[in-house]
Amino acid sequence: MGKKNISHEEEVRRYRIRTKILTVIGLTVVAGLIVATFFTQGKVDPESYEPAVYATVVAVIPPVAAIALALITKEVYSSLFFGIIIGALLYSNGNLELGLNTMLYKEEAGLISKLSDSWNVGILVFLILLGIIVALMNEAGGSKAFGHWASKHIKTKRGAQLATVVLGVLIFVDDYFNCLTVGSVMRPITDRHQTSRAKLAYLIDSTAAPVCIIAPVSSWAAAVTSSVPEDSGINGFSMFLTTIPYNFYALTTILMILFITARKIDFGLMKTHEKNAEKGDLFTTSARPYGEPGDDEPVERDMSKGKEGHVIDLVFPIVVLIVCCVFGMVYTGGFFEGASFIDAFADADASKGLVFGSMITLLVSFSFFMIRGTLSFKRFMECVAKGFRLMTAPVLILALAWTLSGMTNLLGLKIFVADLVGGMASSVQMFLPLIIFVVALFLAFATGTSWGTFAILIPIVCNVFATPETAHMLAISIAACLAGAVCGDHCSPISDTTIMASAGAQSDHVNHVSTQLPYALTAAAVSAVGFLMAGVIGYLTESNIAMLALPVTLAVLIITLLVIEKKENKKEAKTE
């Protein structure tokens, strides 16, 4: 049986324990800063020195510490902040003044610098605009009407989850856009059918990056294409297409969510959340980052808001949003200046494109609701503030996560990983796909960025397999890089996509990460077997016969899930 809902007294006790842990850690960090500063002699010129731990394994400490703290204390904001402090301290060699300046103002790394970056601000503006659009749809009654309509067509919990997966697969243009749009549309439906917010976040997250990384027309395809060195003689887009059947993590993740949804398989902490959801508690913990204070009845909460509306009040803004965001992306890529649709996507600026699309959608929605008399001007403007408040949590988490990633870059973690892979590449080519998968997973997990991982590892792989005779190994190894980066991104609490999935599902972020991790690691373990097999076969046969590793990998996944299902059923039988 699932665990009982946590009582208020128990939650208070746990909160006090977490507070004590954070206090001890905070005092330790402050004491370390004071001692380190005391022993630092003289002034430090921030432009002419390098940290003592640059490009060493020590560079991994800030993100690992932040992630560990988040999972232990269930406090994501303070955990990220402590990670930033540790990173700034390591970078400044213990100098408090330089550390404070680094944490706040260091170019391309500090908090203020990150929030001054136009690309980052664009993503934050897109988040806020989408929050406003969601608030408008709720206020107009569109979410409520769509929920009632869907209840007549989607009769079961399994049907609600499968519909979420299908919609996630269909919206493959961009992962940010995917997470927030799918969450907005499907959340009322999954709430009605008692799907936990953690499970919804997992389904959203698993149809975001894993789908985008195998979709030729997506912002991710553009990122991969641009990571291939221009002087390598390799066509980046053609190479991306050849990696799709070797991207074992993306393919196993998609198959996994379909299989576990169809057979109702839940395991790990997710099982507790799903059991509690069946009793009416969609959150399991007391955390309600997007709810109203004292809200204890979340199941019908979203659909009960607003007046009686019509399905068109939700469908029309969503359709306009999809069309306008695609338009915005190809516009920034030069489509209207003569570039082909594919080339426009490859050169698109996702941040600008999504802001253009969401702003146009907001203006069109304003006209639509005003003309129909669905909302008054005053209620429309009230939704602006509501939408901003709705996105406060993901905006704050993103800002801190970007800063933590900046600290990691200052410490040279990417350089350390690149040197490590480059040093072993020539001697272990047979096992290189597996090694690259693991290294990319680790790097993306620690930094919270897939695209940065692509940029570091893809040029190395291209140099290792530079001859025509090794073209098949090149495809396998780049696929391993992409798969590992997506897997690390999928697991990491500081990943943009993971944060967006929590926002889309309106789930507590730490709940999402802790429940998703066993599923992601299961798919990662199976994918590792696939890359080991593909690497050995490709190296020994020197042909594309390595593609046979895909059906074997998918078969291993199915067998693994059936074994897990059998064990979970035995546990159920023992507890009854």
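**Entry 1: Thr-515**

I started with Thr-515 and found it in helix H27, residues 509–541. Helices here are DSSP runs of H or I with at least four residues, numbered from the N terminus. I noted that this is a predicted model, where local features need pLDDT of at least 70 and side-chain atom pairs count only at pLDDT 80 or more, while totals for chains, interfaces and linings use all residues. Residues are numbered from 1 along each chain as its sequence is written, and side-chain values use heavy atoms, with hydrogens and water left out.

Is Thr-515 buried or exposed? Thr-515 counts as buried because its relative accessibility is 0%. Buried means under 20% relative accessible area, exposed over 50%, and partly exposed in between, with a 1.4 Å probe and protein chains only.

Next I looked up what Thr-515 touches. Leaving out residues up to four places away in sequence, I wrote down Ala-198, Leu-269, Met-270 and His-273. Contact means heavy atoms within 4.5 Å. I also saw that a polar atom of the Thr-515 side chain lies 2.7 Å from the backbone oxygen of Asn-511.

**Entry 2: H27 and its neighbour**

I stayed with H27 and checked how it packs with H23, residues 432–447: the angle is about 150° and the axes are 7 Å apart. From H23, the contact uses Pro-433, Leu-434, Phe-437 and Leu-441. From H27 I listed Ala-524, Ser-527, Ala-528, Phe-531, Leu-532 and Gly-535. The axes are lines fitted to C-alpha atoms over the stretch in contact, and angles run from 0 to 180 degrees between N-to-C directions.

**Entry 3: salt bridges**

How many salt bridges are there? The count comes to 12, taking a salt bridge as a side-chain nitrogen of Lys or Arg within 4 Å of a carboxyl oxygen of Asp or Glu.

I looked at Glu-139 and Lys-386, whose closest N and O atoms are 3.2 Å apart. Glu-139 is buried at 16% relative accessibility, and Lys-386 is partly exposed at 35%.

Then I checked Arg-197 and Asp-191, which meet in a salt bridge at 2.7 Å, N to O. Arg-197 is buried at 1%, and Asp-191 is buried at 1%.

My last pair was Lys-271 and Glu-568, with closest N and O atoms 2.9 Å apart. Lys-271 lies in H15 (residues 269–278) and Glu-568 in H28 (residues 549–575), so the pair ties together parts 297 residues apart in sequence. Salt bridges with shared partners join Lys-271, Lys-275, Glu-568, Lys-571 and Glu-572 into one network.

How values were computed:
Helix = DSSP H or I, 4+ residues; strand = E, 2+ residues; numbered from the N terminus. Polar contact = N/O pair within 3.5 Å; in protein donor to acceptor, adjacent residues only side chain to side chain.
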